[in-house]
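Subject: Structure for you to look at

Hello,

Here is the structure I said I would pass on. My notes follow below it.

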Protein chains: 2
Amino acid sequence: MSPATPFGDWMKSVQAHVEEALGAFLPAAGSTPVKLHEAMRYTVLGGGKRVRPLLVFAAGALSGADTRALERAAAAVEMIHAYSLVHDDMPCMDDDDLRRGKPTVHVAYDEATALLVGDALQAQAFLVLADADSLPPARQVAMLRLLAHAAGSHGMCGGQAIDLDSVGLSLTLEQLEQMHQLKTGALLRASVVLGALAGGDLSAQQLAALDTYSNAIGLAFQVVDDVLDATADSATLGKTAGKDAAANKPTYVSILGLEPSRALAEKLRCDAHEALAPFGEKAGRLRELADLIVQRKA
Amino acid sequence: MSPATPFGDWMKSVQAHVEEALGAFLPAAGSTPVKLHEAMRYTVLGGGKRVRPLLVFAAGALSGADTRALERAAAAVEMIHAYSLVHDDMPCMDDDDLRRGKPTVHVAYDEATALLVGDALQAQAFLVLADADSLPPARQVAMLRLLAHAAGSHGMCGGQAIDLDSVGLSLTLEQLEQMHQLKTGALLRASVVLGALAGGDLSAQQLAALDTYSNAIGLAFQVVDDVLDATADSATLGKTAGKDAAANKPTYVSILGLEPSRALAEKLRCDAHEALAPFGEKAGRLRELADLIVQRKA
């Protein structure tokens with residue numbers, strides 16, 4: 001798709017493409033074990049903003065990555081993200097019953113199925129990337145390593161653990177930032193770097209620029225989440241609003257206040273743009289995604 | 001270690017080696033997030049028969065695999081196995097409070113931590129294999145693909161799902177066998193094939209022979225588990241005995257009876273030996289492991 005295509009059209013096109021790829025890379029509906037596979041498809045398909053896949057495709061434009069590699073990278077990060085939501089919603093974690101406007105997996109099915117859906121989706125993510133035979137094997141290994149690191153205890157799971165331990169504590173801004181850099185930021189960064197890697201190796205300088213961009217949008221994403229959680233209603237969000245405040249979880253809004261949080265999100269958006277300067281025109285979609293992340297309403 | 005070393009000594013040596021490798025490949029104790037990393041180490045270290053790592057090392061002898069590759073493959077399968085036990089023991093699954101003679105993770109810590117420990121261990125398993133830089137990248141990708149397939153919904157998780165759905169049902173012997181081939185068999189097979197692959201590519205004929213061996217020991221493993229569950233006490237097993245019968249789960253003993261189950265295990269042991277014939281002397285440790293699996297008392 002041409003760089004001149006309006007952002008909204010590009011986004012819809014990538015979302016449709018990713019939906020189709022996810023449908024193809026998930027176990028087929030009706031295949032044994034039927035209930036598990038049905039629940040995996042229920043979890044992943046038909047919803048979500050697909051922010052991570054959009055980042056993969058936008059970053060792919062930096063290195064001219066081919067579509068076959070990008071759709072696998074996009075599907076893999078989205079499966080990791082989807083599994084984390086399923087486990088996060090379970091009664092022993094956030095105990096949430098609404099997600100993307102639909103009953104959560106343990107509500108629609110049962111807790112044991114939700115546990116297995118998450119476990120199986122994580123394995124499926126690595127399988128989808130390991131099956132990406134259009135890539136040179138050494139690059140594929142680098143991508144698998146990156147995803148495993150971002151998903152594990154030094155990335156997303158580590159952030160979840162810090163989040164759990166911080167309920168009821170009063171965190172400093174730095175501690176809150178560190179938690180989110182792992183919990184949400186690690187997978188957003190992985191999406192950007194995987195997309196760029198899908199097209200070629202990266203110089204240390206390019207990687208550093210993408211890290212700066214990723215950190216900025218990762219934090220912005222969370223600041224905006226906190227603002228929306230404090231100001232929007234459940235119907236708009238497609239999930240339970242006001243949940244963090246009710247759970248006495250520290251948020252940017254509870255630490256900084258509402259208006260300073262909005263100002264911080266705007267500052268991070270500018271930081272993200274600045275980091276992309278060396279990439280010139282090729283980073284157009286990444287710039288637009290930074291804008292989307294900060295200006296979204298849900 | 002020389003093939004002439006007595007089996008018991010070889011086994012102890014591999015177990016000690018794997019314990020050390022696991023300690024090195026797990027996140028360091030005391031590193032952030034401290035509680036999660038402590039719980040991951042609690043889960044994996046200091047116990048277990050290490051059947052899967054033993055299979056990796058035994059199969060490595062077929063192809064002269066180097067130790068550095070074998071210890072990564074062994075650690076990876078053991079981490080997948082350990083995570084599955086943590087999730088399997090949770091209240092929404094088997095609700096067990098004793099494992100390897102120690103309190104299960106959700107008892108020693110809490111349910112949310114157990115959930116995250118399992119999730120993080122799965123990611124860590126793929127990371128350990130993706131970091132195996134002594135292997136050619138193409139072989140590494142093949143090994144990552146194999147592990148992801150064995151762990152996911154067409155392997156271990158799929159078997160768990162079928163197991164869950166079969167509680168209270170009267171399965172045929174064929175259905176029970178299919179369930180176990182996924183639930184336990186897939187990862188045992190992966191251990192054997194990973195070990196052999198660590199040393200070189202396999203011919204279709206070699207792979208078929210290892211599949212026959214793996215299927216035989218996989219089923220034997222489960223038949224013996226059912227026999228032990230019905231006959232041994234909790235102290236000997238290091239986990240709650242008689243659990244399957246109490247949960248009204250179909251077992252080999254409940255379908256076939258005790259003595260026919262013992263006879264089946266012995267027949268499978270012979271099948272396993274027969275499958276290894278083409279490998280000659282090099283398969284000595286795999287033969288001894290088949291004997292161990294059938295003749296173990298816990």
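I will start with one loop residue. B:D95 is found in the loop between α4 (67–88) and β1 (98–99) of chain B; helices (H or I, at least four residues) and strands (E, at least two) are DSSP runs, numbered from the N terminus. Phi of B:D95 is near 50 degrees, a positive value in a residue other than glycine. Most residues other than glycine have a negative phi, and most peptide bonds are trans. B:D95 is partly exposed, with 14 other C-beta atoms within 10 Å. On that scale a residue is buried if 20 or more other C-beta atoms lie within 10 Å of its own, exposed if 12 or fewer, and partly exposed in between, with C-beta atoms placed from the backbone. In chain A, A:D95 sits in the loop between α4 and β1 (98–99), has a phi near 50 degrees, and is partly exposed, with 14 other C-beta atoms within 10 Å.

Before going further, note that this is a predicted model: local features need pLDDT of at least 70, side-chain atom pairs count only at pLDDT 80 or more, and totals for chains, interfaces and linings use all residues. Residues are numbered from 1 along each chain as its sequence is written, and chains are lettered from A and ligands numbered from 1 in the order in which they are written.

Other backbone points

The peptide bond from A:T32 to A:P33 is cis, with omega near -5 degrees, and A:P33 belongs to the loop between α1 and α2 of chain A. In chain B a cis peptide bond joins B:T32 and B:P33, with omega about -5 degrees; B:P33 is in the loop between α1 (7–25) and α2 of that chain.

Chain A as a whole

Chain A has 15 helices and 2 strands. Its C-alpha trace spans about 50 × 45 × 35 Å along the principal axes. With 298 residues, a compact globule would have a radius of gyration near 19 Å, and the 18 Å of chain A agrees with that; the radius is taken over C-alpha atoms, and the globule rule is 2.2 Å times the number of residues to the power 0.38. Buried residues make up 55% of the 298 residues in chain A. Two residues are in contact if their C-beta atoms, placed from the backbone, lie within 7 Å. Among contacts in chain A between residues at least 6 apart in sequence, 73% join residues at least 24 apart.

In α3(A), 12 of the 13 residues are buried, so the helix is largely enclosed by the rest of the structure. These buried residues pack against α1 (7–25), α4, α9 and α15 (284–295) of chain A.

In α8(A), 9 of the 10 residues are buried, so this helix too is largely enclosed by the rest of the structure. Its buried residues pack against α4 (67–88), α7 and α9 (173–197) of chain A, together with α2 (34–44) and α6 (111–130) of chain B.

Where the chains meet

How many residues of chain A are in contact with chain B? There are 42, and they are in contact with 42 residues of chain B. On the side of chain A that touches chain B, α2 (34–44), α6 (111–130), α7 (137–151) and α8 (156–165) each supply at least two residues. The most come from α6(A), with 12 residues. That side divides into 25 nonpolar, 11 polar and 6 charged residues. Here Ala, Val, Leu, Ile, Met, Phe, Trp, Tyr, Cys and Pro count as nonpolar, Asp, Glu, Lys and Arg as charged, and the others, Gly among them, as polar.

A rotation of 180 degrees with 0.0 Å of shift along its axis superposes chain A on chain B (RMSD 0.0 Å), by least squares on the C-alpha atoms of residues with pLDDT of at least 70 in both. That is the relation of a two-fold axis. In chain A, the C-alpha nearest the axis is that of A:P137, 2.7 Å from it. Of the interface residues of chain A, 100% are also interface residues in chain B, so the copies meet through the same surface.

Regards
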